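Please keep the sequence and the model at hand while reading.

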Amino acid sequence: MTEPHGGSDVARTRTLATRTPDGWSLTGKKDHITNAPVADRALILGRVPDLGRRDITLFLVNLHSPGVRRGPAEELLGLRSSPTGAIELRDVALPEPAVLGAPGEGLRTLYDIISFDRALYGLVIAAFLEPQLDKAVGFARQREAFGTPILDHQYVQGRVTDIRITIEIARATARAGIDALVAGDPEASLRCSVAKLVGSEGLVEAAQNLMRLHGHAGYMRGAQTRIVQDALGTLIAGGTSEMQRKNILNQMLASHPG
């Protein structure tokens, strides 16, 4: 979806698809695409100009096809296990069935995919934090300060319980968003953005708490600092909090016209 000139604003998509006797020809450039350097397939957002105003279409593209060029993996602060890069398409030939859904119906399909992806953040964050919390509690029971385990101190208890609360909120909001999608609830997109927002922002706070619980050792480059680096990626590389708030506001305004 993301392009160099317009970011993730689908209204500014310049990737173009033209009809051919055998299907489609696709030309354009995508930027900052998750797993682009290593993936075999990509879901590409493009336009079909001869459809008129409603021209946004989704194409499933084999990234080993002639005309596809992929850039190197970007040097990111975190999320090193998720290589990100560019995809350039020059007259890439696609068969007719390469369209996901129907020509011109790409936005509807895309928004469902994006919403599901946002909700999944909450589930992944909860699953990631649970073992980290177990390790932190074990550390706090063994680590002593002023003659007592640090877990006996209220400030440590506060950080530990904050992480647990983040886990529960992330999981609950994610499930609520997915349930809304499955039920066709008109507020599904809003709920999925809420799941992404509270989950990713909660992860950043939890990562900082984990680092602080380990004191100076937590600030030394290693496991705890990597968690902070990766957590920041969920806010920025994974879609900014501002983007989620904008979607939440748009959904709110649509539900309360005037």
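The model is a predicted one, in which local features need pLDDT of at least 70 and side-chain atom pairs count only at pLDDT 80 or more, while totals for chains, interfaces and linings use all residues. Residues are numbered from 1 along each chain as its sequence is written, and side-chain values use heavy atoms, with hydrogens and water left out.

The axes of H2 and H3 come within 8 Å and cross at roughly 160°. Such axes are lines fitted to C-alpha atoms, for helices over the stretch in contact, and the angles run from 0 to 180 degrees between N-to-C directions. H2 and H3 are therefore roughly antiparallel to each other; this label applies over 145 degrees, with under 35 counted as roughly parallel, 65 to 115 as roughly perpendicular and the rest as oblique. Sorted by class, the contact of H2 with H3 has 18 nonpolar, 6 polar and 5 charged residues. In this classification, Ala, Val, Leu, Ile, Met, Phe, Trp, Tyr, Cys and Pro count as nonpolar, Asp, Glu, Lys and Arg as charged, and the others, Gly among them, as polar.

## Thr 173 in helix H2

Thr 173 is located in helix H2. Its relative accessible area is 18%, so Thr 173 is buried; buried means under 20% relative accessible area, exposed over 50% and partly exposed in between, computed with a 1.4 Å probe on protein chains only.

Leaving aside neighbours within four places in sequence, Thr 173 is in contact (heavy atoms within 4.5 Å) with Arg 191, Val 194, Ala 195 and Val 198.

## Helices H1 and H2

Helix H1 spans residues 106-142 and helix H2 spans residues 154-183. The two pack at an angle of about 155°, with their axes 8 Å apart. H1 and H2 are therefore roughly antiparallel to each other, and their crossing is left-handed. The contact of H1 with H2 comprises 18 nonpolar, 3 polar and 5 charged residues.

## Helices H3 and H6

Helix H3 (residues 188-213) and helix H6 (residues 241-255) have axes that come within 9 Å and cross at roughly 150°. H3 and H6 are therefore roughly antiparallel to each other. H3 passes H6 in a left-handed crossing.

On the H3 side, the contact is made by Ser 189, Leu 190, Ser 193, Val 194, Lys 196, Leu 197 and Glu 201. H6 contributes Ser 241, Gln 244, Arg 245, Asn 247, Ile 248, Gln 251 and Met 252. The residues of this contact of H3 with H6 divide into 5 nonpolar, 6 polar and 3 charged.

## Met 211 in helix H3

Met 211 also belongs to helix H3. With a relative accessible area of 17%, Met 211 is buried. Not counting residues up to four places away in sequence, Met 211 touches Gly 218, Tyr 219, Gln 224, Thr 225 and Val 228. The C-alpha atoms of Met 211 and Val 48 are separated by 49 Å, and the two residues are 163 residues apart along the chain.

## Loop residues with positive phi

Asn 35 has phi near 65°, a positive value in a residue other than glycine. Asn 35 sits in the loop between strand E2 (23-34) and strand E3 (41-47), and is partly exposed, with a relative accessible area of 31%.

Phe 146, likewise not a glycine, has a positive phi near 60°. This residue is found in the loop between strand E7 (144-145) and strand E8 (148-149). Phe 146 counts as exposed, at 82% relative accessibility.

## The protein as a whole

The protein has 6 helices and 8 strands, which are DSSP runs numbered from the N terminus (helices H or I, at least four residues; strands E, at least two). Read along the sequence, the pattern is β-β-β-β-β-β-α-β-β-α-α-α-α-α.

The C-alpha trace spans about 80 × 45 × 25 Å along its principal axes. Of the 258 residues in the protein, 44% are buried. Among contacts with a separation of 6 or more, 67% are accounted for by residues 24 or more positions apart.

Notes. A crossing is left-handed if the near helix is turned anticlockwise from the far one by less than a right angle, and right-handed if clockwise.
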